[in-house]
Amino acid sequence: MPLRLAFMGTPEFSVPVLEALHQAGHEIVAVYSQPPRPAGRRGLELTPTPVASAAEKLGIPVFTPKSLKDRHEQERFSSFNLDAAIVVAYGLLLPKAILEAPRFGCFNGHASLLPRWRGAAPIQRAIMAGDKTTGMMIMKMDEGLDTGPIALSKSIDIAPDMTAGELYDELEKIAAPLMVETMEKLEQGDLVLTPQKSEGATYAKKITKDETRIDWSKPAKELQKRICGLSPFPGSWCEMEISGKQERVKLLKAKLVEGSSLGVGHVDPETLTIHCGEGRLQITRLQKAGGKAMDVETFLHGFHVTKVY
């Protein structure tokens, strides 16, 4: 028999999982997402999240509480008589009462190979740390932070110049079939849960504003991973002197260039290769404040960079 489910998610990343579960024939009786957020030029329009919009198209009731700690919210959730709840990048903590309400519990799709990169920013942190592989894991949730037992997983390689946006797209492709397979096994009664290992655990803390400013005195290898890991959002940045004017520029992609540094901040205006505290880095995609993202060749046709800060 199809499972009776609630789905809990917010960004575009979560939408394919919701749609795949619906297409697989499961009865999704409720969708939970973050409240609508201000949008538009003046911020006066409230825009539903991608998951909320997708649920409305599927005809599924949407709930957007600011918290699940309220007793009435917990009672409503319990009244759905769920077999399971599916959580993919929801953004709210689930209290014990929520975790224990479904008959088989709550299952989370997490974008790392647990126990590595528990927490809020596993995709960015994997790239910034120089990891060679990552993946998706389906975990039965407990009261800890991404500490529950693992149901299924699938790993993928991280290419040397891969950005967080590109890795996000690759993980999105495997998240939906992996969750559908997990629910199929749960439905058939042959889902095996494996406790996480205690060794090797790391925490993927949220990205802070302080991390986005590029310090050219750092080694090029470190900065290349930081630029790619923060692209396209929130994006790393620096200031450049462009045609005599100092401007803020978002750095979206970079690659290492052979050769030793000639001095921190030294820049080759023909290639936009920047000399770091150790090694050299070529910016290959960037965006001026208020402008469009461009590859470096297009950018250098219109702009002349003489300094970086």
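Predicted model: local features only at pLDDT ≥ 70, side-chain atom pairs only at ≥ 80, totals over all residues.
Domain 1 brings 12 residues to the contact, and domain 2 brings 14 residues.

Together, domain 1 and domain 2 bury about 960 Å² between them. Carbon and sulfur atoms give 53% of that area. On the side of domain 1, three residues stand out: Met128, Asp161 and Thr163. They supply 47% of the area that domain 1 buries against domain 2, more than any other three residues.

Polar contacts also cross this interface. There are 8 residue pairs in polar contact between domain 1 and domain 2. Which elements give two or more residues to the side of domain 1 that touches domain 2? They are helix H5 (122–128) and H6. H5 gives the most, with 4 residues.

## Salt bridges across the chain

Side chains of opposite charge can pair when their charged atoms come close.

Another joins lysine 253 and glutamate 166, at 3.0 Å from N to O. This pair links distant parts of the chain. Lysine 253 sits in strand S13 (residues 245–257), while glutamate 166 sits in helix H6 (residues 164–188). The two residues are 87 residues apart. Lysine 253 is partly exposed, with a relative accessible area of 23%. Glutamate 166 is also partly exposed, at 32%.

Is glutamate 73 buried or partly exposed? Its relative accessibility is 16%, so glutamate 73 counts as buried, because buried means under 20%. Arginine 76 has 31% relative accessibility and counts as partly exposed.

Glutamate 27 and arginine 4 meet through their side chains in a salt bridge, at 3.0 Å from N to O. Why does this pair tie together separate parts of the sequence? Glutamate 27 lies in strand S2 (residues 27–32) and arginine 4 in strand S1 (residues 4–9), so the bridge ties together parts that are 23 residues apart in sequence.

Glutamate 27 is partly exposed, with a relative accessible area of 40%. Arginine 4 is partly exposed as well, at 25% relative accessibility.

## The open sheet

Strands of a sheet pair through backbone hydrogen bonds, either parallel or antiparallel. S1 and S2 belong to an open sheet of 7 strands. The strand order is S5-S2-S1-S6-S7-S9-S10, and the pairing is mixed. Which strands stand at the edges? They are strand S5 (62–63) and strand S10 (150–157). Each has a single partner strand, so one side of each is left without a neighbour in the sheet.

Further in, S1 pairs with strand S6 (residues 84–88). The two run in the parallel sense, over 5 bridges. Methionine 8 has valine 87, in S6, as its bridge partner.

Note on methods:
Residues numbered from 1 in each chain as written. Heavy atoms only, no water. Salt bridge = Lys/Arg side-chain N within 4 Å of Asp/Glu carboxyl O. Buried < 20%, exposed > 50% of the residue type's maximum accessible area, 1.4 Å probe, protein only. Pairing = 2+ DSSP bridges. Contact = heavy atoms within 4.5 Å. Buried area = accessible area lost by both parts, 1.4 Å probe. Polar contact = N/O pair within 3.5 Å; in protein donor to acceptor, adjacent residues only side chain to side chain.
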